[in-house]
Amino acid sequence: MTEYKVALIPGDGIGKEVVAEGVRILNRVTELDDRISFSFTEYPWGCQYYLEHGEMMPKDGIETLKNYDAILLGAVGYPGVPDHISLRDLLLRIRHDFDEYINLRPVKLLKGADCPLKDVPREDIDMIFVRENSEGEYAGSGAWLYPDSEQEVVIQNGVFSRKGCERVIRYAYELARKEKKTLTSVSKGNALNYSMVFWDKIFREVGKDYPDVETHTLLVDAASMFMVKDPKRLQVVVTSNLFGDILTDLGAAISGGMGLAAGANLNPEKKFPSMFEPIHGSAPDIAGKGIANPLATIWTCGQMLDFFGYEEWGKKIVDAIEQMLVEKIALTPDQGGTASTQECGKALAELLH
Ligand code: NAD
Ligand code: IPM
Ligand code: MN
């Protein structure tokens with residue numbers, strides 16, 4: 001039996017509610033599969049912690065997390081603490097310091113999930129986003145000069161390194177090859193004359209090693225239009241940090257909503273722990289009501305099992321989510337049901353076998 005050490009960072013708002021259901025599902029898997037066991041350690045880091053301690057996590061937080069095989073995170077950010085502090089000092093810090101340079105986000109319209117697009121066959125919405133997750137527009141490089149004066153200037157640099165672009169693009173090519181899917185690079189070279197021209201160049205360069213992979217390139221504005229008008233044009237998608245962030249919320253909107261949108265922050269070399277989290281935030285508007293949809297977090301637990309090499313469990317979890325949607329079993333209000341977060345999680349645990 002292999003024991004996986006998982007650090008839990010429920011974080012803020014509904015993060016706490018949904019992480020509890022993720023843990024329920026991982027525990028259920030260990031009951032059903034005697035090859036796998038989990039040990040969980042919970043860390044109370046987040047905005048409440050910041051208000052009490054003046055920091056989002058202790059100074060040795062990153063050192064502490066290094067000892068784990070994976071991190072399950074709920075959501076970070078809450079009114080009362082500025083977002084650029086809470087997110088940069090916890091979530092983005094972990095993604096960066098653990099070199100989780102791949103953010104893998106499925107945009108797949110599961111059977112039974114609601115789609116606001118008309119005349120689009122369900123199977124046309126089946127994408128996987130490979131978002132650059134360590135640099136780009138999120139590098140945190142810049143300056144704020146002459147604050148509160150007439151000369152005030154802010155500079156926010158995008159940082160695109162050869163290493164950073166090559167590795168994420170190569171990962172996407174490998175994925176497209178493995179899945180026998182097309183690969184689309186989304187960029188914006190017509191306006192961003194350094195970063196995105198460079199990105200496009202690297203996309204072509206790396207592509208020389210993958211003559212068998214059918215590729216497309218789209219400008220990000222056109223890509224967002226096609227996601228709505230003709231989503232089947234996108235299969236495996238590789239893009240920069242900020243574009244990937246925005247397009248995957250659009251992706252969530254066309255594939256059942258934020259409550260179903262999962263993502264994995266991967267360090268593929270496993271030199272550091274990878275982090276699994278739903279793509280939604282702390283949802284202050286519904287926090288504490290017990291109605292948050294835990295299925296995105298549960299799907300991300302499926303991604304964790306995929307990453308550990310138990311792809312059959314990743315598939316079983318997605319199948320069970322789909323069954324719940326089709327048969328309308330214990331769905332939360334965002335999916336048109338009346339179930340609580342816990343009822344939804346428990347129902348999914350019962351469906352696993
Ligand atoms: P949000 O994702 O928290 O909420 C957007 C909308 O979606 C809200 O109406 C919310 O109720 C709904 N929603 C989200 N998840 C849901 C779920 N599981 N079930 C049902 N409904 C759900 O985005 P926001 O309001 O822009 O951000 C709130 C806070 O979260 C901010 O501080 C933001 O910076 C932070 N945030 C954190 C993460 C993260 O930790 N990964 C991601 C996005 C936003
Ligand atoms: C996400 C979130 C984060 C991001 C924020 C909270 C920093 O929106 O995970 O999609 O932009 O990456
Ligand atoms: Mn986002």
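Which residues do ring pairs link into a cluster? In this predicted model, ring pairs join Tyr4, Phe38, Phe40, Phe308 and Tyr310 into a cluster.

Good morning. Before I turn to the details, a word on conventions. Residues are numbered from 1 along each chain as its sequence is written, and chains are lettered from A and ligands numbered from 1 in the order in which they are written. As the model is predicted, local features need pLDDT of at least 70, side-chain atom pairs count only at pLDDT 80 or more, and totals for chains, interfaces and linings use all residues, while side-chain values use heavy atoms, with hydrogens and water left out.

I begin with the aromatic rings. Rings of Phe, Tyr and Trp (its six-membered ring) pair if their centres lie within 6.5 Å; planes under 30 degrees apart count as stacked, over 60 as edge-to-face and the rest as tilted. A search of the whole structure finds 10 such aromatic pairs. One of them, Tyr4 with Phe308, is stacked, at 4.1 Å centre to centre and with 15° between the planes. Tyr4 belongs to strand β1 (residues 2–11) and Phe308 to the loop between α9 (295–307) and α10 (311–327), so this pair ties together parts that are 304 residues apart in sequence. Helices here are DSSP runs of H or I with at least four residues, and strands are runs of E with at least two, numbered from the N terminus.

Are Tyr4 and Phe308 buried or exposed? Both are buried, where buried means under 20% relative accessible area, exposed over 50%, and partly exposed in between (1.4 Å probe, protein chains only). Phe38 and Phe40 also form a stacked pair, because their ring centres are 5.7 Å apart and their planes lie at 20°. Phe38, at 11% relative accessibility, counts as buried, whereas Phe40, at 25%, counts as partly exposed.

Next, helix α4. This helix covers residues 83–97 and bends by about 35° at Asp89; the bend is the angle between axes fitted to the seven residues ending there and the seven starting there. Buried residues of α4 include Leu87, Leu90, Leu91, Ile94 and Arg95. An α-helix has 3.6 residues a turn, so residues three or four places apart point the same way. Just after α4, Asp99 takes a positive phi of about 50°.

In total, 22 residues surround ligand 1, the closest being Val76, Asp83, Gly281, Ala283 and Asp285; a residue counts as near if one of its heavy atoms lies within 4 Å. A polar side-chain atom of Glu277 lies 3.0 Å from a nitrogen atom of ligand 1, and a backbone N or O atom of Gly281 lies 2.7 Å from an oxygen atom of the ligand.

Finally, which residues surround ligand 2? They are Leu87, Arg95, Arg105, Arg131, Tyr138, Asp245 and Ile279. Oxygen atoms of ligand 2 lie 2.8 Å from a side-chain N or O atom of Arg131 and 2.5 Å from one of Tyr138. A polar side-chain atom of Asp245 is 2.8 Å from an oxygen atom of ligand 2. These are polar contacts, that is, pairs of N or O atoms within 3.5 Å. Thank you.

Technical notes:
A polar contact is a pair of N or O atoms within 3.5 Å; within protein, one must be able to donate a hydrogen and the other to accept it, and residues adjacent in sequence count only if both atoms are side-chain atoms.
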